[in-house]
Amino acid sequence: GDFHPYNLLFRDGTNFSVIDASRGGRGDPADDLAALGVNYLFGAVVAPSAWASGYERLWEELWATYFDAREDAGLLEAFGPFLAWRLLVVASPVWYPR
């Protein structure tokens with residue numbers, strides 16, 4: 001439920017930790033991907049040049065890596081509502097006043 005880039009701490013290479021996992025591993029994969037991916041879109045809105053310089057590649061790698069690792073036919077059907085929710089969160093002046 002709170003799976004986003006700011007809760008991933010990388011060390012060397014792919015050695016990383018996930019912090020703030022209060023709900024553990026009980027999230028819906030579609031929500032996890034929406035929560036992680038929406039931050040790349042949000043970052044590109046805040047800093048438009050960031051899309052071409054990195055966020056686009058992260059967005060594409062997120063999806064490619066997920067689908068390479070697991071077959072999930074229902075993911076795209078479930079993804080839309082979760083993405084809409086996550087977009088409303090980042091558009092909220094309560095959470096992001098600027």
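**Helix α1 and its partner**

Modeller: Helices α1 and α2 are roughly antiparallel to each other, because an angle over 145 degrees counts as such and theirs is about 170°. This is a predicted model. Helix α1 covers residues 29-46 and helix α2 residues 49-69, and their axes lie 8 Å apart. On the α1 side, the contact is formed by Pro29, Leu33, Leu36, Gly37, Val38, Tyr40, Leu41, Gly43 and Ala44. On the α2 side, Ala50, Trp51, Tyr55, Leu58, Trp59, Leu62, Trp63 and Tyr66 take part. Sorted by class, this contact comprises 15 nonpolar residues, two polar ones and no charged residues.

Leucine 62 illustrates the pairing: apart from residues up to four places away in sequence, Leu62 touches Leu33, Leu36, Gly37 and Tyr40.

As for α1 itself, its 18 residues extend 26 Å from the first C-alpha to the last, close to the 26 Å expected at 1.5 Å a residue. Buried residues of α1 include Ala30, Asp31, Leu33, Leu36, Gly37, Asn39 and Tyr40.

The largest nonpolar core has 15 residues, of which Leu33, Leu62, Trp63, Leu75 and Phe79 touch the most other members. Two or more residues of this core come from each of α1, α2 and α3 (75-91), and α1 gives the most, with six residues.

Conventions:
Residues are numbered from 1 along each chain as its sequence is written. This is a predicted model: local features need pLDDT of at least 70, side-chain atom pairs count only at pLDDT 80 or more; totals for chains, interfaces and linings use all residues. Side-chain values use heavy atoms; hydrogens and water are left out. Axes are lines fitted to C-alpha atoms, for helices over the stretch in contact, and angles run from 0 to 180 degrees between N-to-C directions. Helices (H or I, at least four residues) and strands (E, at least two) are DSSP runs, numbered from the N terminus. Angles under 35 degrees count as roughly parallel, over 145 as roughly antiparallel, 65 to 115 as roughly perpendicular and the rest as oblique. Contact means heavy atoms within 4.5 Å. Ala, Val, Leu, Ile, Met, Phe, Trp, Tyr, Cys and Pro count as nonpolar, Asp, Glu, Lys and Arg as charged, and the others, Gly among them, as polar. A nonpolar core is a set of buried Ala, Val, Leu, Ile, Met, Phe, Trp, Tyr and Cys residues joined through side-chain atoms within 4.5 Å. Buried means under 20% relative accessible area, exposed over 50%, partly exposed in between (1.4 Å probe, protein chains only). The expected span of a helix is 1.5 Å times one less than its number of residues.
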